[in-house]
Amino acid sequence: MSQKNQKKQQSSPDLRRQDQLLEAVLPHVAFDGWSLKALEQGCRDLDDSLELSQQCFPAGVPDLVRHFGDWVNRQMLARLSCPDTVKGFPDMRVRDKIAAALDERLEVMAPHKQAVRSLQLYLAQPQHLPLMQSMLAEACDVMWVAAGDKSQDWNYYSKRLLLGGVYVVTIAYWLN
């Protein structure tokens, strides 16, 4: 079962618990990286047992990292759908929608810049490359779907591939 389908099947209380734990972990990631230590400290901050991390993220840190990507996607989509955040989003040209989506992603990640920096180091490790690829593909797909893309031919893949390159360079520039 794909990660997308697993998320859809989760009940919203599970998703809320995962979000709570992620938000408790993020300040620790700045010092401890994406690690079990940061995950354990997040549990302590919530005054919960370490079993919470096992319930929320059974595969440990890789599940936590994947959830961070999902969390950023959901926060970005919420900001894009709010008329006060992005004025006239539905009426924008497609390229402007993509630019707005990139801007909103950066806004969501801005309070967690050190965590994003640590994420880049974590995902750059050879054993995490498949995770990085799937997270990048998911982020690009979410942005294109938000922009209204309905392509089904080779254009579907070329749009996402091009946006992936732009997104990677944008994050690298933003972090430096």
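In the largest nonpolar core, which has 47 residues, the members that touch the most others are L21, W34, V65, F68, M109, M143 and I171. Helices α2, α3, α4, α5, α6 (94-109), α7 (113-123), α8 (129-146) and α9 each supply at least two residues of this core, and α5 gives the largest share, 8 residues. A nonpolar core here is a set of buried Ala, Val, Leu, Ile, Met, Phe, Trp, Tyr and Cys residues joined through side-chain atoms within 4.5 Å. Buried means under 20% relative accessible area, exposed over 50%, and partly exposed in between (1.4 Å probe, protein chains only). Helices are DSSP runs (H or I, at least four residues), numbered from the N terminus.

The model is predicted, so local features need pLDDT of at least 70 and side-chain atom pairs count only at pLDDT 80 or more, while totals for chains, interfaces and linings use all residues. Residues are numbered from 1 along each chain as its sequence is written, and side-chain values use heavy atoms, leaving out hydrogens and water.

Now to the rings. The whole structure holds 3 aromatic pairs, and two of them are set out below. Rings of Phe, Tyr and Trp (its six-membered ring) pair if their centres lie within 6.5 Å; planes under 30 degrees apart count as stacked, over 60 as edge-to-face and the rest as tilted.

| Pair | Centre to centre | Angle of planes | Kind |
|---|---|---|---|
| W34 and F68 | 5.3 Å | 50 degrees | tilted |
| F68 and W71 | 6.0 Å | 25 degrees | stacked |

W34 lies in the loop between α2 and α3 while F68 is in helix α5, so their pair ties together parts that are 34 residues apart in sequence. F68 and W71 both belong to α5, 3 residues apart, about one turn of the helix. W34, F68 and W71 form one aromatic cluster. F68 is buried at 1% relative accessibility, and W71 is buried at 6%.

What about the cysteines? A search of the whole structure finds 0 disulfides (pairs of cysteine sulfur atoms within 2.5 Å). C43 is buried, with a relative accessible area of 0%, and its sulfur is 7.5 Å from the closest cysteine sulfur, in C56, too far for a bond. C82, by contrast, is partly exposed at 27%.

R160 counts as buried at 10% relative accessibility, and lies over the face of Y156, 3.7 Å from the ring centre.

Definitions and conventions:
Lys NZ or Arg CZ within 6 Å of the ring centre and 35° of its normal.
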